[in-house]
Amino acid sequence: MAAPKKSVTKDSGQEKGDGSPPEFTKEQELKALRDMLLIRRFEEKAGQLYGMGAIGGFCHLYIGQEAVVVGMQMTLKKGDQVITGYRDHGHMLACGMDAKGVMAELTGRRGGYSKGKGGSMHMFSVAEHFYGGHGIVGAQVSLGTGLAFANRYRENDFVSLAYFGDGAANQGQVYESFNMAELWKLPVVYIIENNRYAMGTSVTRSSAQTDFSKRGISFNIPGRQVDGMDVRAVKAAGEEAVAWCRAGKGPYILEMQTYRYRGHSMSDPAKYRTREEVEKVRHDQDPIEQVRNRLLAADVSEQDLKSIDAEVRDIVNAAADFAQHDPEPDPSELYTDVYR
Ligand SMILES: Cc1ncc(C[n+]2csc(CCOP(=O)(O)OP(=O)(O)O)c2C)c(N)n1
Ligand SMILES: [Mg+2]
């Protein structure tokens, strides 16, 4: 993976001279580790349940990309909104949504966030300011811009984060949104999660401009490329972007250079890349291992780290248990919550 570069904007002044991101306090490292582990273990469990046939339909796992959403969430205040595409379980957990409700939605049960009727790609929580969960590639970009428009209209200082992929970045509505967002100075951070592939198509085969931080140049939207595998780099860049938006200066683009370890969806044999490529990223750049190694170097014991993992596994196991035993929706639910 290329070293992260900045484009368009000047240095934030937050980084150390050697280009490495500002260090976290021990508490921040521990929180980042816990939050990323929760996503990873949740996704591993979802993968298992899918394999057992307990989850049906589409299911896109976020394993490998955890630092992006966890680092960005560390820059938000309550009331800021988040919206994303279909690779959404990690975003929900990072927003504070309950693992039981998310897992039960995956298994199509009553206690799921959409009463078991939405599934993996269609969950929302107004209480946690999470606005989906969208299966139409790129749709969340204009919806996220709309959330920012509402904030502007209501004259509050909330910011919306619109996450989308490298593939989605080539959709037309993205650029219509960029134009309006800059024209009206809307407080939206566009976070392009560049995991190098759109289904089976690598960015180099589909994108004329592979530096996604430059995608806003013709609209005068500043952008930055960020090492999306380092949660500290994500948070530092996120803070700059969120502050920019909150100050009324308009939108901001962050290209997060990240990687997904699993296939596009559960049915993807991933023949478009080598096993070695995946293993190399996992070995050299894994976002969770990076934090674990820093904590161990800072004299946090292996035992302390194991107890965080155990706490997270308990949450995930309880969620999986609930999701397999909660009843399915009553058939009468077929006729509610639908437009007729
Ligand atoms: C409008 C639209 N076109 C095509 C699809 C089919 N599709 C689903 S995911 C996807 C690839 C998107 O890749 P990317 O934006 O890089 O996100 P990632 O899956 O890597 O997170 C495509 C083409 C769709 N869901 N919606
Ligand atoms: Mg992608």
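This is a dialogue on reading several features of a predicted model.

Biologist: What does Met 72 touch, if residues up to four places away in sequence are not counted?

Modeller: Met 72 is in contact with Leu 161, Tyr 163, Ile 191, Val 234, Gly 238, Val 242, Leu 254 and Met 256. Two of these names, Leu 161 and Leu 254, also stand in the list of residues that touch the most other core members.

Biologist: Which residues form a nonpolar patch on the surface?

Modeller: Such a patch joins nonpolar side chains of residues with over 30% relative accessible area. In this model Phe 149, Tyr 153, Met 180, Leu 183 and Trp 184 form one, and together they have about 570 Å² of accessible area. Helix H5 (139-153) and helix H6 (172-183) are the elements that each give two or more residues to the patch. Leu 183, which is found in helix H6, counts as exposed because its relative accessibility is 56%, and the cut-off for that word is over 50%.

Biologist: Which residues coordinate the magnesium ion (ligand 2)?

Modeller: One looks for donor atoms around the metal, bearing in mind that water is not among the atoms, so a site may look incomplete. The donors here are Asp 166 (OD), Asn 195 (OD1) and Tyr 197 (O), at 2.1 to 2.2 Å, and their spacing in sequence is D-x28-N-x1-Y. Asn 195 is buried at 5% relative accessible area, and Tyr 197 is buried too, at 8%.

Biologist: How many salt bridges are there, and where do Lys 115 and Asp 337 lie?

Modeller: The structure has 24 salt bridges. One of them joins the side chains of Lys 115 and Asp 337 at 3.0 Å, N to O; Lys 115 is in the loop between helix H4 (99-106) and H5, while Asp 337 is in the segment after helix H11 (302-325), so the pair ties together parts 222 residues apart in sequence. Asp 337 also meets Lys 117 in a salt bridge, at 2.9 Å.

Biologist: Are Arg 232 and Asp 230 buried or exposed?

Modeller: Both are buried, and their side chains meet in a salt bridge at 3.1 Å, N to O.

Terms used
Residues are numbered from 1 along each chain as its sequence is written. Chains are lettered from A and ligands numbered from 1 in the order in which they are written. This is a predicted model: local features need pLDDT of at least 70, side-chain atom pairs count only at pLDDT 80 or more; totals for chains, interfaces and linings use all residues. Side-chain values use heavy atoms; hydrogens and water are left out. Patches are made of residues with over 30% relative accessible area and no salt bridge: like charges are joined within 9 Å, nonpolar side chains (Val, Leu, Ile, Met, Phe, Trp, Tyr) within 5 Å. Accessible areas come from the Shrake-Rupley method with a 1.4 Å probe; for residues, only the protein chains shown count as cover. A salt bridge is a side-chain nitrogen of Lys or Arg within 4 Å of a carboxyl oxygen of Asp or Glu. Helices (H or I, at least four residues) and strands (E, at least two) are DSSP runs, numbered from the N terminus. Buried means under 20% relative accessible area, exposed over 50%, partly exposed in between (1.4 Å probe, protein chains only). A nonpolar core is a set of buried Ala, Val, Leu, Ile, Met, Phe, Trp, Tyr and Cys residues joined through side-chain atoms within 4.5 Å. Contact means heavy atoms within 4.5 Å. Donors are N, O and S atoms within 2.8 Å of the metal (3.2 Å for Na, K and Ca); water is not among the atoms, so sites may look incomplete.
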